[in-house]
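Look over the sequence and the model below. The report after them is written for a reader new to protein structure.

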Amino acid sequence: MRAAAVVLLLSLLLSGCTFAFKDIDKRFFVSAMGIDKTDNPKMPYKISLMLGIPTSKVEAGEEKFQVIRQEAESISQAVRLVKSKVDKELDFGHTKTFILGKALAEDDLTQAKDWLSRRRDFQLIAYLAVGDPDAESILQVSPPSERFPGNTLFLTFSHDGVQSSYIQTAMLFDFYRRTHEKGLDPFLPVIKPDRDKFEVNRVALLDKHKIKYIASPNETQLLDMFAKKGFHKFTLHTRIDSNLLAFSVTDCDAKFGIVRTGSTPAVNITLDLKGIVEETNAPPAVRRMNEYEKALENEVNTAVKRLIRKLISRGVDPIGFGLRYRADRTTTEEEWRRWQSGYRGLPVEVSTRVHIEGTGVLK
């Protein structure tokens, strides 16, 4: 009798495993996902899933994929409806990139963020980005150098491939943290399709719910100085006596603090830049290096102050001035409300020190 009960129990366990486990040839691996906003109030969400198709050849330009799209009342319902269109189980365990449509990001990302953060099969280190004009158009791009679906986006945002001061990286866990942290706002890189390749040189700055400002490429490069991601190589330009001077920054140290000017707090930013002269109309004379450094310092001071004031006037704080304010002092709820009410008029001071280490291999 006991043996029969054991056999029955094992048979139940085995049957349960049969239904739960799916072989690899019965799975569709979702490499990237897009979420867009529609014009239909009854079905406001449209999802696009990039499904990789297994192939025996792994060569550049030979990747195979299909993009399945579905509109629905909610994102979770759209995923369930997509399952009725395919013959294999959807597997999100390898989904590393989520693209949010520009229209959705300009409206409200609260529900999309909530859904992405709740599912246990999504990696918290997945990359987030804004698709311009929408997410679906980004997933349709097939770069000729791509070896498997979505690989171009992985290499772009992981910095394992290209490294650029124009490319900002936003991960799901950090995006969620920034939407809940007082004094720190989220940001997302903006992807734009360009025929068979991507253009990623802008960053969208958000409050806790939606886009407030999209920085230009030059502003994105300046914001990179505060990113602290270990890569600080970018180029600054200025003109001296109508001559163009391009300064290649090889080392950057950016610091900021909240100081008191009377009873009003103010932002104090200090930048220390080192690098070489990379391009100029005329060979720079060594005796004029101090003049060139001073011109670059004035250029950086003006550009950074203009950018920070622009962000403050829009009420966004991607750098974390409010977080620093809270960390430096005991902040009550009343004092935090005073900071928020006075944030848009916050004074900004920028001090830059530029050191030109050389003029390249030319003397």
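The text that follows covers strands, backbone details, aromatic rings and a cavity.

The model is predicted, so local features need pLDDT of at least 70 and side-chain atom pairs count only at pLDDT 80 or more, while totals for chains, interfaces and linings use all residues. Residues are numbered from 1 along each chain as its sequence is written, and side-chain values use heavy atoms, with hydrogens and water left out.

## Strands and hairpins

Helices (H or I, at least four residues) and strands (E, at least two) are DSSP runs numbered from the N terminus. Two strands pair if DSSP finds at least two bridges between them.

Strand β9 pairs with strand β8 (residues 187-194) in the antiparallel sense over 7 bridges. V190 has R202 of β9 as its bridge partner. Strand β9 also pairs in the antiparallel sense with strand β10 (residues 211-214), over 3 bridges. Here A204 stands opposite I214 in β10, and the hairpin of β9 and β10 has 4 residues between the strands.

## Backbone details

The hairpin of β8 and β9 has 2 residues between its strands. R195, in the loop between β8 and β9, has a positive phi near 60° and is a residue other than glycine. R195 is exposed, with a relative accessible area of 81%. H159 has a positive phi too, near 65°, and lies in the loop between α6 and β7 (170-171).

Which bond joins D132 and P133? It is a cis peptide bond, with omega of about 15°. P133 is in the loop between β6 and α5 (135-139).

## Aromatic rings

The structure holds 7 aromatic pairs. Rings of Phe, Tyr and Trp (its six-membered ring) pair if their centres lie within 6.5 Å; planes under 30 degrees apart count as stacked, over 60 as edge-to-face and the rest as tilted. Two of the pairs are set out here.

| Pair | Centre to centre | Angle between planes | Type |
|---|---|---|---|
| Y127 and F157 | 6.0 Å | 45° | tilted |
| Y325 and W339 | 4.4 Å | 20° | stacked |

Y127 in strand β6 (residues 127-131) and F157 in helix α6 (residues 151-158) are 30 residues apart. Both Y127 and F157 are buried. Y325 in helix α10 (residues 321-328) and W339 in helix α11 (residues 333-342) are 14 residues apart; Y325 and W339 are both buried. Ring pairs also link F92, F98, W115 and F122 into a cluster.

A charge sits over a ring if NZ of Lys or CZ of Arg is within 6 Å of the ring centre and within 35 degrees of the ring normal. K96 lies over the face of F154, 5.7 Å from the ring centre. R326 lies over the face of W336, 5.9 Å from the ring centre.

## The cavity

On a 1 Å grid over the protein atoms alone, a cavity is a set of points where a 1.4 Å probe fits but cannot get out; lining residues have an atom within 4 Å of a point. Grid points are joined across faces, edges and corners, and a volume is the space filled by probe spheres set on the points.

How many cavities of 30 Å³ or more are there? The count is 1. The largest cavity holds about 30 Å³ of space. The elements giving two or more residues to its lining are α4 (110-118) and α7 (172-180). Residues in the lining include L109, F175 and H209.

Notes
1 Å grid on protein atoms, 1.4 Å probe; cavity = no way out; pocket = protein on both sides within 12 Å on 5 of 7 lines; lining within 4 Å. Buried < 20%, exposed > 50% of the residue type's maximum accessible area, 1.4 Å probe, protein only.
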